[in-house]
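Please open the structure in a viewer and keep the selection tool at hand. The stops below are meant to be visited in order.

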Amino acid sequence: MAGSVNKVILIGNVGADPEIRRTQDGRPIANLRIATSETWRDRNSGERREKTEWHTVVVFNEGLCKVVEQYVKKGAKLYIEGQLQTRKWQDQQGQDRYSTEVVLQGFGSTLTMLDGRGEGGGASGGRGSGAGGNDYGDDYGAPAPASSPSRGGGSGGNFSRDLDDDIPF
């Protein structure tokens, strides 16, 4: 095999207010649960059916953690991009247990708020958020001023600001 890809994209609703914890050196870690649902009509009975899957999401990216802490609440609709990671842990009886989580870490991670509440918003550990809303983060996930134009959506924006880069050649 020439290579492999570990990428998860979810659009769903937050099941409870996110939990923010801090490492010993003060870096934030956000934990949240996202529900994704699919609905269909049963062919035999004609009844509407629904299946909900719950996903554990862990955010290590400091800029995205700030967005989660300030703006994400129970019921919020989110678009996220991250990676699957499985970790091993032991329960109280000493039995090995495994948890598979969607992890947002580094430049390939994206979190975009999709609801119509207020301004909406999102942030990305990589390039712009893309899926609607205003982008609250710069290319490194740090919060930007609220007046900054949307970088991911490509709608308008400050053309001279986009060209204000130091070109290395």
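The tour goes from the nonpolar core to a neighbouring pair of residues in sequence and then to salt bridges.

This is a predicted model, in which local features need pLDDT of at least 70, side-chain atom pairs count only at pLDDT 80 or more, and totals for chains, interfaces and linings use all residues. Residues are numbered from 1 along each chain as its sequence is written, and side-chain values use heavy atoms, with hydrogens and water left out.

Select Leu32, Val57, Val59, Leu78, Ile80, Leu104 and Leu111, which touch the most other members of the 20-residue largest nonpolar core. Such a core is a set of buried Ala, Val, Leu, Ile, Met, Phe, Trp, Tyr and Cys residues joined through side-chain atoms within 4.5 Å. Helix α1 (62–71) is among the elements giving two or more residues to the core; with four, α1 gives the most. Helices (H or I, at least four residues) and strands (E, at least two) are DSSP runs, numbered from the N terminus.

Next, select leucine 32, whose contacts (heavy atoms within 4.5 Å) include Val14, His55 and Leu78, not counting residues up to four places away in sequence.

Move to asparagine 31 in strand β3. Asparagine 31 counts as buried because its relative accessibility is 16%, the classes being buried under 20% relative accessible area, exposed over 50% and partly exposed in between (1.4 Å probe, protein chains only).

Finally, select arginine 22 and glutamate 69, a salt bridge with its closest N and O atoms 3.6 Å apart. The term means a side-chain nitrogen of Lys or Arg within 4 Å of a carboxyl oxygen of Asp or Glu. This pair joins strand β2 to helix α1, 47 residues apart.
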